[in-house]
Amino acid sequence: MPTDTSAVYTDLPLTLSESGSGRPVLILHGGGGPATVAGLAQHLSRIAHTITPVHPGWDGTHRPEWLTGIDDLALAYLHHLYDRQLRDVLVIGSSLGGWTAAEMAVRDNAGIITGLVLIDAVGVCVDTEPITDFFALDARGVAEHSWHDADRYYVDPTGIPAGQLALRQANMATMRTLAGDPYMHDPKLLRRLARVQAPALLIWGESDRIVNPAYGAVYAEAFGNGRLEVIPEAGHLPQIEQPEATCALIDAHLRRTSNPFPQS
């Protein structure tokens with residue numbers, strides 16, 4: 001059964017859901033919140049020990065004033081793994097969570113991260129493939145850019161209950177604080193990725209118009225050991241639109257990258 005726990009890193013409370021046993025897998029959600037990776041976490045909990053945090057500031061959780069960037073978030077999660085003395089960790093991140101996973105990997109001097117999965121991740125600057133300005137889109141524009149089947153997943157904001165709408169708006173405010181300037185990237189990250197030797201699988205929805213597959217190809221090439229897999233009929237969240245194809249790729253990567261004796 002999954003459990004919800006709370007851990008504290010300095011003055012940062014972490015809200016975590018944990019389930020399953022075996023190799024530790026840290027699953028990091030994107031701007032859409034923890035619901036966007038819930039199905040993936042449920043699937044992986046059958047074969048691994050999943051740790052799924054809610055990023056501070058999302059879904060009503062507390063964000064301390066000092067947490068103002070993705071680098072802060074990455075260090076908090078990395079130190080949490082260190083403090084628990086976890087080893088052979090696979091880190092999976094969707095969108096903003098993928099950026100966080102990459103930032104963790106470049107800072108992992110202890111070598112506890114032995115595999116990465118980045119799903120339609122933002123985080124790097126590719127001059128020829130700019131990231132769509134998410135904050136400038138209306139609800140219909142978000143759907144058109146994010147989904148292969150926009151009509152199926154579009155939600156009219158006028159039909160959302162006031163409390164839920166306020167929560168979404170607070171989530172977007174937090175995302176703007178952490179990733180708004182510079183917009184959705186770390187200018188130094190791309191050139192740092194070559195030193196990351198943990199195998200990195202980058203999964204991309206073919207129809208993603210937030211960050212397109214060409215952006216993903218540059219991202220994958222920048223890693224010391226990265227590869228790109230493109231999923232047809234999926235947009236920015238292939239784990240939702242094409243869960244079977246996405247999970248199959250992740251399951252194989254989980255098996256392929258396991259290393260019970262990572263560098264300490």
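# Rings, buried charges and helix packing

User: At what distance from the ring centre does Arg176 lie over the face of Phe135?

Analyst: This is a predicted model, in which local features need pLDDT of at least 70 and side-chain atom pairs count only at pLDDT 80 or more, while totals for chains, interfaces and linings use all residues. Residues are numbered from 1 along each chain as its sequence is written, and side-chain values use heavy atoms, with hydrogens and water left out. A charge sits over a ring if NZ of Lys or CZ of Arg is within 6 Å of the ring centre and within 35 degrees of the ring normal. Arg176 lies over the face of Phe135, and its distance from the ring centre is 4.2 Å.

User: Over the ring of which residue does the charged end of Arg140 sit?

Analyst: The charged end of Arg140 is placed 4.9 Å from the centre of a ring. The residue that supplies this ring is Tyr154.

User: Why is the pair of Tyr215 and Tyr219 classed as it is?

Analyst: The structure holds seven aromatic pairs (ring centres of Phe, Tyr or the six-membered ring of Trp within 6.5 Å; planes under 30 degrees apart are stacked, over 60 edge-to-face and the rest tilted). In one of them, the ring centres of Tyr215 and Tyr219 are 5.9 Å apart and the planes stand at 85°, so the class is edge-to-face.

User: How are Tyr215 and Tyr219 separated in helix H8?

Analyst: Helices (H or I, at least four residues) and strands (E, at least two) are DSSP runs numbered from the N terminus, and H8 spans residues 213-222. An α-helix has 3.6 residues a turn, so residues three or four places apart point the same way. Because Tyr215 and Tyr219 are four residues apart in H8, their separation is about one helical turn.

User: Which residues form one aromatic cluster with Tyr215 and Tyr219?

Analyst: Tyr215, at 0% relative accessibility, is buried (under 20% relative accessible area, with exposed over 50% and partly exposed in between, for a 1.4 Å probe and protein chains only). Tyr219 also counts as buried, at 0% relative accessibility. The cluster that holds these two tyrosines also includes Trp204 and Phe223.

User: What covers the buried residues of H8, and which residue caps its N-terminal end?

Analyst: The buried residues of H8 are Pro213, Tyr215, Gly216, Tyr219, Ala220 and Ala222. Their cover includes helix H3 (96-107), strand S6 (113-119), H7, strand S7 (200-205) and S8. At the N-terminal end of H8, a side-chain oxygen lies 3.1 Å from the backbone nitrogen of Ala214, and the capping residue is Asn212.

User: With which side chains does the side chain of Glu18 make a polar contact?

Analyst: Glu18 belongs to strand S2 (residues 12-19), where its relative accessibility of 11% means that it counts as buried. A polar contact is a pair of N or O atoms within 3.5 Å; within protein, one must be able to donate a hydrogen and the other to accept it, and residues adjacent in sequence count only if both atoms are side-chain atoms. The Glu18 side chain makes such contacts at 2.6 Å and at 3.0 Å, and the partners are His49 and Arg84.

User: What is the value of phi near Met184?

Analyst: Met184 lies in the loop between H6 and H7, and at a relative accessible area of 5% this residue is buried. Pro182 is found in the loop between helix H6 (162-179) and helix H7 (189-192), and a cis peptide bond with omega of about 0° joins Asp181 and Pro182. Met184 is a residue other than glycine with a positive phi, which is near 55°.

User: At what distance does the side chain of Asp186 reach the backbone nitrogen of Lys188?

Analyst: Asp186 has its place in the loop between H6 and H7, and at 14% relative accessibility this residue counts as buried. Neighbours within four places in sequence aside, Asp186 is in contact (heavy atoms within 4.5 Å) with Trp99, Glu103, Gly123 and Arg192. The side chain of Asp186 reaches the backbone nitrogen of Lys188 at 2.9 Å.

User: At roughly what angle do the axes of H2 and H3 cross?

Analyst: In helix H2 (residues 70-83), residues including Ile70, Leu73 and Tyr77 take part in the meeting with H3, where Leu96, Trp99 and Glu103 are among the residues met. The axes (lines fitted to C-alpha atoms, for helices over the stretch in contact, with angles from 0 to 180 degrees between N-to-C directions) come within 8 Å. The two axes cross at roughly 60°.
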